[in-house]
Amino acid sequence: MKCVVLKDVKKFEVSKMEEPNAKDGSVLIDVKKTGICGSDIHYWDLGNPKGLVMGHEFCGVVTNPGNRKDLKVGDRVTALPISPCGHCPACLSGNPQYCPETWNKAVGLSLTNPGAYAEKTALRSDLVFKVPSNITDSEVAMVEPTAVGLHAVNLANIKIGDKVLVIGAGIIGDICAMFAKMNGASYVAVSETNKERGAKSVSLKCADEWFDAKSENFTQEVRKNCPYGYDVVFDCSGNSAAVSTALTMARPNGTVVMVGVSMDTITIPSIVLVMSELKVLGAIAYTKEEFAQCIKLMSERKIDMLRFVDEIVSLDGVQEAYERLTSGVDAAIKILIDPNK
Ligand SMILES: NC(=O)c1ccc[n+]([C@@H]2O[C@H](COP(=O)([O-])OP(=O)(O)OC[C@H]3O[C@@H](n4cnc5c(N)ncnc54)[C@H](O)[C@@H]3O)[C@@H](O)[C@H]2O)c1
Ligand SMILES: [Zn+2]
Ligand SMILES: [Zn+2]
């Protein structure tokens, strides 16, 4: 079957691979739509691990239900792409995102389980969700990043009237901004280095205002409406320098949620953290309940995730889509892949 393989630094190759086998009761799917994630971009930037078939945000149609007696051929599904052990304290407490095994065999994030940048993939049966018929394939492919944003905002404990800053208005930043508003934030600002994305965050009604992180007067501008600092700051940029900005923009005793993944070891102004008694949290992935809640929110039309989808490309168009998403000037936020295109 056709797939896209990571070959080298910033280089994919359209290739052929063996179709996945039905083993360990896994559910086999024909992939309908797959999302390109900011985390995939980190792997592409590094060119590592070579041979990786990415794709952890997907919608598929069941071709073999494996050991799931409640599923049949033709059902539309998505799944948590993670690989929790199921018996450690984290798993038993309903927090598979903390399980030490969770990323080892993750679908599309490990060499062990090739992902959905391919015509077909195999899913661990206990993590598969059948999706309602009133949400489209593209929306289904948006469930995973939506759950990332929901989890981060749930951790932030936003209060009605809070003022929130989101650093980085990629899809994860926009989703955090969207849920922050739904949770009662009275003012949501985003900061961006990409002007198009900043403005788009406002036009898509995720943010009330955006600030140019490259501006000479950025610090004054971003504090314009919050001279004493923001109640909650999310870093969704994956940029190491932005973490210092996040700490300095929070109000005393405010909350900073780090969602962006930076591969570097970073230096932070720890004095700010101490003097302001900041609450700094990491946010990773989601729980199974949050994943299910995102499907429900879409099905009940409480959130519109299609507005974030800019384009749908074929497997042959993936390399170009990455170049667009990393250009720093393009307005595209979310590009999906349709392996049948
Ligand atoms: N914690 C998790 O569970 C989780 C899950 C998914 C993604 N992520 C991470 O979240 C980050 C965002 O994901 P995404 O898909 O939205 O990625 P993305 O690359 O599309 O978005 C990042 C945005 O940050 C902007 N940016 C970069 N440096 C900046 C700065 N100094 N100030 C302001 N903006 C800046 C970029 O222009 C870009 O628009 C990535 O690092 C990704 O790996 C984390
Ligand atoms: Zn992702
Ligand atoms: Zn576990």
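**Helices and ligand shell of a predicted model**

Biologist: How many residues has helix H10, and what distance does helix H10 reach from its first C-alpha to its last?

Modeller: In this predicted model, helix H10 covers residues 288-299 and has 12 residues. At 1.5 Å a residue the expected value is 16 Å, and the distance from the first C-alpha to the last is close to that, at 17 Å.

Biologist: Where on H10 do its buried residues lie?

Modeller: The buried residues of H10 are Phe291, Cys294, Ile295 and Met298. An α-helix has 3.6 residues a turn, so residues three or four places apart point the same way. Seen down the axis of H10, the buried residues fall within an arc of 95°, so they line one face of the helix.

Biologist: How many residues of H4 are buried?

Modeller: Helix H4 takes in residues 143-156, and its end C-alpha atoms are 20 Å apart, which agrees with the 20 Å that its 14 residues should span at 1.5 Å a residue. Among its buried residues are Val143, Glu144, His151 and Ala156. H4 is mostly covered, and of its 14 residues the number buried is 12.

Biologist: Within what arc do the buried residues of H6 fall?

Modeller: In helix H6 (residues 195-203), the residues Arg197, Gly198, Lys200 and Ser201 are buried. They line one face of the helix, because seen down the axis of H6 they fall within an arc of 165°.

Biologist: What covers the buried residues of H6, and which residue just after H6 takes a positive phi?

Modeller: The cover over the buried residues of H6 includes H5, E9 and strand E10 (209-212). Just after H6, a positive phi of about 65° is taken by Lys205.

Biologist: Which element gives the largest share of the shell around ligand 1?

Modeller: Of the 31 residues around ligand 1, Gly38, Gly168, Gly170, Gly238 and Asn239 come nearest. The elements giving two or more residues to this shell are helix H1 (38-46), helix H5 (171-182), strand E9 (187-192) and helix H8 (240-249). The largest share is four residues, and it comes from H1.

Biologist: How many residues of the shell around ligand 1 are charged?

Modeller: The shell draws at least three residues from each of domain 1 (2-142 + 305-337) and domain 2 (149-282). Its residues divide into 16 nonpolar and 13 polar, and the number charged is two.

Note on methods: Residues numbered from 1 in each chain as written. Chains lettered and ligands numbered in written order. Predicted model: local features only at pLDDT ≥ 70, side-chain atom pairs only at ≥ 80, totals over all residues. Near = placed C-beta within 6 Å. Nonpolar A, V, L, I, M, F, W, Y, C, P; charged D, E, K, R; others polar. Domains from an automatic or database assignment. Expected span 1.5 Å × (residues − 1). Buried ≥ 20, exposed ≤ 12 C-beta atoms within 10 Å, placed from the backbone. Arc of directions from axis to C-beta. Contact = placed C-beta atoms within 7 Å.
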